[in-house]
Amino acid sequence: MKILICEDNKLASKTLEVVIRKEGYLTETAVDGNDAIELLRNNIYDMVIMDIHLPFHSGLELVRYMRKELKSKTPVLIVTAFSDPQMQSQANELGISGYVVKPFNPADLLTQIREILMK
C-alpha cells in the first residue's frame, strides 16, 4: 500500500512518515500544494494524508482537485492542527474519509488508516 503525505511541517511530516512506514506502508511526501498536484497527477496512491494549511494550495483545494479534476476516489485522511467545525464540515462535503487533529496519538492514527484502507 502506498500513501501520499501532504505536509509542509518537517517534524510533522517525518513523524507521519516514520509511524506509517513502521507499519509496512510505502510513503511519498509533498511539502506544498504544487508538489502534491504533481505527485497526484503522476502516481496512484491507496490513500492520501493531507494537512489543511499548505503553501500554494490548501488541503481542501487539493481534495477538490482530486475529486473534480482527477475524478479520484482515493481515500483522504485530513491531519491538521485546526479543529474548526466549519472546516471539518467543508472537508466532509468533499468526501474525506477521516479527520485527525494534531497532536495525534500514533496508535489512533494507525487504527484510522487501517480502517479506511479496509473499506
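The legends below describe close-up views of one predicted model. Residues are numbered from 1 along each chain as its sequence is written, and side-chain values use heavy atoms, with hydrogens and water left out. Because the model is predicted, local features need pLDDT of at least 70 and side-chain atom pairs count only at pLDDT 80 or more, while totals for chains, interfaces and linings use all residues.

**View 1. The open sheet of 5 strands.** The strand order is β2-β1-β3-β4-β5, with parallel pairing. β2 (26–30) and β5 (98–101) each have a single partner strand and stand at the edges, so one side of each lacks a neighbour in the sheet. From one strand to the next the twist averages 20°. Strands and helices are DSSP runs numbered from the N terminus (strands: E, at least two residues; helices: H or I, at least four), and two strands pair if DSSP finds at least two bridges between them. Axes are lines fitted to C-alpha atoms, for helices over the stretch in contact, with angles from 0 to 180 degrees between N-to-C directions.

**View 2. Strand pairs within the sheet.** Strand β1 (residues 2–6) pairs with strand β3 (residues 47–50) in the parallel sense over 4 bridges. Leu4 stands opposite Val48 of β3. Strand β4 (residues 76–80) and β5 also run parallel, joined by 4 bridges, and Leu77 has Gly98 in β5 as its bridge partner. Together with helix α4 (residues 85–93), β4 and β5 make a right-handed β-α-β unit. Right-handed means that, with the strands pointing away from the viewer, the path from the first strand over the helix to the second runs clockwise.

**View 3. The nonpolar cores.** A nonpolar core is a set of buried Ala, Val, Leu, Ile, Met, Phe, Trp, Tyr and Cys residues joined through side-chain atoms within 4.5 Å. The largest has 24 residues, of which Leu4, Cys6, Val48, Met50, Val76 and Ile78 touch the most other members. At least two residues of this core come from each of β1, α2 (33–42), β3, α3 (59–68), β4 and α4. The largest share, 5 residues, is supplied by α3. A second, separate core of 17 residues includes Leu16, Met47, Leu109 and Leu117.

**View 4. Surroundings of Ile78.** Neighbours within four places in sequence aside, Ile78 is in contact (heavy atoms within 4.5 Å) with Met50, Ile52, Val63, Ala91, Ile96, Gly98, Tyr99 and Val100.

**View 5. The salt bridge between Lys102 and Asp51.** The two side chains meet at 3.6 Å, N to O; a salt bridge is a side-chain nitrogen of Lys or Arg within 4 Å of a carboxyl oxygen of Asp or Glu. Lys102 lies in the loop between β5 and α5 and Asp51 in the loop between β3 and α3, 51 residues apart. Lys102 is buried at 19% relative accessible area, and Asp51 is buried at 5%. Buried means under 20%, exposed over 50% and partly exposed in between (1.4 Å probe, protein chains only). Glu7, Asp51 and Lys102 are linked in a network of salt bridges.

**View 6. The salt bridge between Glu23 and Arg114.** The side chains of Glu23 and Arg114 meet at 3.1 Å, N to O. Glu23 lies in the loop between α1 and β2 and Arg114 in helix α5 (residues 106–118), so the pair ties together parts 91 residues apart in sequence. Glu23 is partly exposed at 36%, as is Arg114 at 32%.
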